[in-house]
Amino acid sequence: MQGLNRYDGGVRLELTTTTTSPLAIDVAESTEMRIRRLTSENPVVIFSRSSCYMCHVMKSLLSSIGVHPTVIELDEDEISSAVFGGASVSPALYIGGACVGGLESLVALHLSNNLVPKLLEVGAMRSEFLII
């Protein structure tokens, strides 16, 4: 892990292994266990690629409603070896430890007015900041 990097909607974590960071990844931990741990420790997690326009749209949508997800940037090798909720997807969104899916699933949740209640439920948003 190279460390934490700020982007205009939250914090981006990189999964490159190292032993010099206080946030170092246990190299003995399997990819599946690492995904499970990261998604259970953070209310909203996006597994992303920096060059992916769908990833950018997902981050922008969440940021526009006041959610600052944990973003884990993956390189091509990590994406091809990672399976998110039964499918290899980028971006892959987790809310409350559950795999929501990709951008289409996020947009469907948003358009059906189910996204904000789900985010409130997991503590990613606070209701007093909602503009009605």
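A search of the whole structure turns up two salt bridges, a salt bridge being a side-chain nitrogen of Lys or Arg within 4 Å of a carboxyl oxygen of Asp or Glu. The model is a predicted one, with local features needing pLDDT of at least 70 and side-chain atom pairs counting only at pLDDT 80 or more, while totals for chains, interfaces and linings use all residues. Residues are numbered from 1 along each chain as its sequence is written, and side-chain values use heavy atoms, leaving out hydrogens and water.

Helices (H or I, at least four residues) and strands (E, at least two) are DSSP runs, numbered from the N terminus.

Arginine 37 and glutamate 41 also pair up, at 3.5 Å from N to O. Both belong to helix 1 and lie four residues apart, about one turn of the helix. Arginine 37 is partly exposed at 28%, and glutamate 41 is partly exposed at 49%.

As for the rest of helix 1 (residues 31-41), Arg34, Ile35, Leu38 and Thr39 are buried. These buried residues fall within an arc of 120° seen down the axis, so they line one face of the helix (the arc is taken from the directions from the helix axis to the C-beta atoms). Glu32 and Ser40 are exposed on the face turned away from that buried side.

Terms used: Buried means under 20% relative accessible area, exposed over 50%, partly exposed in between (1.4 Å probe, protein chains only).
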